[in-house]
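Good morning, and thank you for joining.

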Amino acid sequence: LAEEHAKRLQALEDREAIRDLIARYGPLADSGQSAAVAQLWCEDGVYAVGGMGEAIGHAAIAALIDGLLHRALMADGCAHLLGPLAIDLDGDHAIAWGHSLVVKADGGDYAIYRAAANRWTLRRTLAGWRVERRDNRLINGGEAALELFARVSGPQPAN
Amino acid sequence: LAEEHAKRLQALEDREAIRDLIARYGPLADSGQSAAVAQLWCEDGVYAVGGMGEAIGHAAIAALIDGLLHRALMADGCAHLLGPLAIDLDGDHAIAWGHSLVVKADGGDYAIYRAAANRWTLRRTLAGWRVERRDNRLINGGEAALELFARVSGPQPAN
Amino acid sequence: LAEEHAKRLQALEDREAIRDLIARYGPLADSGQSAAVAQLWCEDGVYAVGGMGEAIGHAAIAALIDGLLHRALMADGCAHLLGPLAIDLDGDHAIAWGHSLVVKADGGDYAIYRAAANRWTLRRTLAGWRVERRDNRLINGGEAALELFARVSGPQPAN
């Protein structure tokens, strides 16, 4: 019984850790904490940003945050807002699915600058859950985002 | 003690399952997976969409997603984004409260097409938690949405 | 072992309670439930709203919701939408970090009226978790919001 409880606790803690990890992305990105953003990923992690190629590894991911485009967003004022996550947990691996918006200040107004479909592929490392790969695909009626979310499955099996 | 722990685990798993179930709505709806969207609901489930009547049962709910209006949204590019949920859990029944936005691509820009107040009434089935009824009421200053959220209660009792 | 399980359960319940508490803010604020909004805070709680000073204590927080500005938002139709939370839990104290948007109806359209960075400082009371202080800082390219989110840390230690 204690062993079964331990397994159930672990699954809950895993989901919680994954949710917490990904929830840090927005505040860290908004404030330009490039090293901390990169540490959400594994050392060899990949961040594939729709329309902007793939950043591979911590230095490349940090460089996205330190880059001109991101710095210009920060100068205007931006919110990297995420939606809720559907999480497929499978032992030491997981996939989390959800939306992201970039909201940009524009004088006294705000505009949605990007809306994207996201798949976060994660694995358990010695240091805890980390992102192996984030696929971010712009929602614009094109196939890329549709095809990504077409892989999300319906209700998960009951405990 | 083990029995008390089992109860607490169950309550956490129930909340997690409800959150995960509802988090699947957006990606499934965005990608037009009408059958999987319908399966979030009980067989006799109801989806009452503000200003669009009630869809009752899996076939009717799937038909909403397969319908012209939804297909037009998908052709433009859309994000059915949900906010966080406040969950009132009561044994095999639960009510979850939260916002929904439909963000629509418009060329290179994005606009919020709908903002709504939602009440998700759920029950535990043999297959897991499912939606009995989703009430979605357009936020427009009218009574419908205000009246729905006026039923949300303050802080829940401590464990 | 049972003691260790109890500790892990408690930590999960604490995070869940904090997330549920904060998720009630939006629906309660949208529907003008000023007393219930105030009860999310401790008796001596502080709500520091960017550009609008500090409300201290239940009566002052309720007065914000009952005030002219908030009532005008409600008359137009508004959604106080929150993003996901990164939660730093430390015994009977916690800090939660995340975005907030105020979406406002404008005839048949919607506009984002405010986007803000939030730090929620919480403590466990006899009645459960309550907000000690919410710092809400407008995202507009200025230092206030950047400085707040610059204090968010990277991945939390593994369990």
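Over all chains, a search of the whole structure finds 54 salt bridges. Please bear in mind that this is a predicted model.

Let me begin within chain A. Arg24(A) pairs with Asp20(A) in a salt bridge, and the closest N and O atoms lie 2.7 Å apart. Are these two residues buried or exposed? Both Arg24(A) and Asp20(A) are buried.

A second pair in chain A joins Asp135(A) to Arg133(A), with 2.9 Å between the closest N and O atoms. Here the two partners fall into separate classes of accessibility. Asp135(A) counts as buried because its relative accessibility is 3%, under the 20% limit for that class. Arg133(A), at a relative accessible area of 27%, is partly exposed.

Asp88(B) forms a salt bridge with Arg24(C), and the closest N and O atoms are 2.8 Å apart. Where do the two ends of this pair sit? Asp88(B) belongs to strand β4 of chain B, residues 86-90, while Arg24(C) lies in the loop between α1 (2-23) and α2 (25-30) of chain C. Arg24(C) has a relative accessible area of 0%, so this residue is buried.

There is also a network of salt bridges, which links Glu16(A), Arg19(A), Glu16(B), Arg19(B), Glu16(C) and Arg19(C).

Let us next consider the interface of chain A and chain C. In this interface, 39 residues of chain A are in contact with 35 residues of chain C. The area buried between the two chains is about 3000 Å², and carbon and sulfur atoms give 63% of that area.

How many salt bridges does the rule find across the interface of chain A and chain C? The rule finds four. As for a named example, the side chains of Arg8(C) and Glu13(A) meet in a salt bridge at 2.8 Å, N to O. Counting polar contacts between chain A and chain C gives 14 residue pairs.

Several elements of chain A give two or more residues to the side that touches chain C, among them α1 (2-23), α5 (68-76) and β6 (109-125). The most comes from α1(A), with twelve residues. By class, this side of chain A has 22 nonpolar, nine polar and eight charged residues.

Thank you; I would be glad to take questions.

Key:
Residues numbered from 1 in each chain as written. Chains lettered and ligands numbered in written order. Predicted model: local features only at pLDDT ≥ 70, side-chain atom pairs only at ≥ 80, totals over all residues. Heavy atoms only, no water. Contact = heavy atoms within 4.5 Å. Buried area = accessible area lost by both parts, 1.4 Å probe. Polar contact = N/O pair within 3.5 Å; in protein donor to acceptor, adjacent residues only side chain to side chain. Helix = DSSP H or I, 4+ residues; strand = E, 2+ residues; numbered from the N terminus. Nonpolar A, V, L, I, M, F, W, Y, C, P; charged D, E, K, R; others polar. Buried < 20%, exposed > 50% of the residue type's maximum accessible area, 1.4 Å probe, protein only.
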